[in-house]
Amino acid sequence: MEYTVPEHEYLRPHKKFPSVWCAGCGIGTVLGAIIRAVRSLNLSKDKIAMISGIGCTGRMPVYVDFNTMHTTHGRALAFATGLKLARPDMEVIVVMGDGDALAIGGNHFIHAARRNIELTAIVVNNRIYGMTGGQLSPTTPVGDRATTAPYGQIEQAFDIAKIAEASGAAFVARSTTYHAIELDRLIARGIQKKGFSVIEVLTQCPVGYGQLNQTGDAVEMLKWFRDNTTAARGKVPSGKIVRGVLVDCDIPGYVESYQKLMKTSKKRT
Amino acid sequence: MSNSTTTARRRGKARLMQGNLAIAEGAIAGGLGFFASYPITPANEIATFLSRALPKRGGVFIQMEDEIASLSAVIGASIGGLKAATATSGPGFSLMQESIGYAAAVEIPCVIIDVQRAGPSTGMPGGPAQGDVMQSRWGTHGDHPIIVLCPSSVREAYELTIHAFNLSEQYRTPVILLTDEVLARMSETVEMPLPQVKVIGRLHPEVPPEWYFPYDNAEGDVPPLVSFGHGYRYHITGLFHDKSGFPTSRPDEIDAWQERLFLKIDGNVEQIARIEEEEMEDAEMVIVAYGSTARSARHAMRQARKANKRVGLVRLVTIWPFHDAAIERVARSAKRIVVPEMNRGQILREVERASRGKTDVVGVNRADGEMVTPAQIMAALEV
């Protein structure tokens, strides 16, 4: 049986543990998957930048021994766009929560996808605002509770993968914190992809989301991911959330196109 | 235009330049490597010029989805090692405020060009104003230091743009170049050659990565900044941080950092704040002006001198940090200080504060999208 292994080499050696995350939180699992993906690709720590916005997921970069930047709420992709254009040789990984990426940062998300800029965007989707106390997010399902939806959410939820696809991302994948090995591989493919890649990770928030919606503890929430998702091969049983690679197409990335433009511009007066 | 300037232009000793284009050319001369912006009147010519000029020089131009994204990308490019800038006007400048605070807190150099137009709100996109003076100082939340420069001629706009990049790198701070619609869109004859300004780069650390602390107070007012990807892996956060860049809530660490953050600007006011004085030797009445309003002020001063009135001009080239000592000196000898501005009195209050009640301070204000005229200023000079 395959199992995941912690990789201490990529963690910052001192000061920053224990983490800020609650017991049972799934963000650490996503962090572990990112580290294992980086390790599997044998990437130099010096050539990796991890950029985040605000929220529980925004705290992720502090723990890893890369070039790390915790920016403002919703704008991580815009900061990353500038960095990638200045340093095309670096792998820029952007980690965001669902509110960060799709509410306050929704505009930057669709435009980063439209540009197809060579960034890897990992969206930790726990369907709630964790750090601020369980408010509704743009991915909270209709009928679910949040501290600002005490009578149930009445707004439709965003489908992150569909938005990414419709906006032009070259690579879109989805997995969950239950499927940790699959997640490692999907993130590795996302990093390797030339173009904008989005990996949505359904993640348990037992404290913010779980308690309000009687989902049970973290283990129960992980079991729910196991029982309610299906691999993206063949016929999809109704009511199941599809996992795996959802989009993988070859369209020129922004940096690649800009480098061509630089060459052409020099020939013109 | 006089015959002599026309002749100078014909001989190639002068050029007719537009203010916005002087800024764009100044940015390139200052080492600009990355420019991101969003279309807005009256700043557009800067982006139009740079979208053509930058790729040829190996630089990056990108039109972002809004002004928030523009300044965010600029900060990202700056930590990637490029000198980076954006240009905007009132509404866009309002959107940039959060990122200005971020750049100030994490001490990443960047240049923000704000071509002021009449406001608030959409206001008058084609009308000049100086209504963003206080926003440029305090627009973002929380206490922070800032440097703001105000050119009043096209030639000076070119020079100050280079200077803005230099100050930004030298002090690890966002620098705002505050111009206005009049200066941005007028064309005037600029003597050639253009001013030569020494270009200052980033101070790199001399220590190996394991000894490097990006916010180390022991390194002086401005610790060296190393860009990403050079083997110095460290953390940047808008949270209060310790010397290594990690979040902290310890008051002793926060106090020491804040103290240095302010000291690096406020402790260097004499070096940073440029003031120009004209006809001040015997001046009894003094006009304190900045930006394109200083042009009307100079005209008014000359008219007054012709009428044998002892009028002088103090022009604020740097408005923030505010040069309190220079204004207090003026206040000690002047019978009256007149402060013309295209707003309802923003620098006026600073002049009143710095004067410490030693003289009469009178404002000449309008915020209707028109320039303050020399006649208005002369009227305020009448005793």
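# A buried histidine and the interfaces around it

H70(A) is buried, because its relative accessible area is 3% (buried means under 20% relative accessible area, exposed over 50%, partly exposed in between, with a 1.4 Å probe and protein chains only). This is a predicted model, in which local features need pLDDT of at least 70 and side-chain atom pairs count only at pLDDT 80 or more, while totals for chains, interfaces and linings use all residues; side-chain values use heavy atoms, with hydrogens and water left out. Residues are numbered from 1 along each chain as its sequence is written, and chains are lettered from A and ligands numbered from 1 in the order in which they are written.

H70(A) belongs to strand β2 (residues 67-70) of chain A; helices (H or I, at least four residues) and strands (E, at least two) are DSSP runs, numbered from the N terminus. Contact means heavy atoms within 4.5 Å. Apart from its neighbours within four places in sequence, H70(A) has contacts that include S52(A) and R59(A), as well as Y102(B), H235(B) and T237(B). With T237(B), the side chain of H70(A) forms a polar contact of 2.7 Å. A polar contact is a pair of N or O atoms within 3.5 Å; within protein, one must be able to donate a hydrogen and the other to accept it, and residues adjacent in sequence count only if both atoms are side-chain atoms.

These contacts lead to the interface of the two chains. Chain A and chain B each bring 41 residues to the contact, and the area buried between them is about 3,400 Å², with 58% from carbon and sulfur atoms. Buried area is the accessible area (1.4 Å probe) that two parts lose on being put together, summed over both. On the side of chain A, M69(A), H70(A) and F79(A) lose the most area to chain B, together 15% of what that side buries. Between the chains there are 3 salt bridges, a salt bridge being a side-chain nitrogen of Lys or Arg within 4 Å of a carboxyl oxygen of Asp or Glu. R233(B) and D46(A) meet in a salt bridge at 2.6 Å, N to O. There are also 20 residue pairs in polar contact between chain A and chain B, both at pLDDT 80 or more.

Y102(B), one of the residues in contact with H70(A), is also among the buried residues of α6(B). Helix α6 (residues 97-106) of chain B is largely enclosed by the rest of the structure, because 9 of its 10 residues are buried. Just after α6(B), E107(B) takes a positive phi of about 60°. The side chain of E107(B) meets that of R260(B) in a salt bridge (2.8 Å, N to O).

Chain B is assigned domain 1 (3-191), domain 2 (209-269) and domain 3 (275-381); such bounds come from an automatic or database domain assignment. In chain B, the C-alpha centres of domain 1 and domain 2 lie 27 Å apart. Their contact takes 20 residues from domain 1 of chain B and 21 residues from domain 2 of chain B. These two domains of chain B bury about 1,600 Å² between them, 66% of it on carbon and sulfur atoms. I79(B), Y171(B) and R172(B) supply 38% of the area that domain 1 of chain B buries against domain 2 of chain B, more than any other three residues. Across this interface of domain 1 and domain 2 of chain B, the rule finds 2 salt bridges and 11 residue pairs in polar contact, both at pLDDT 80 or more.
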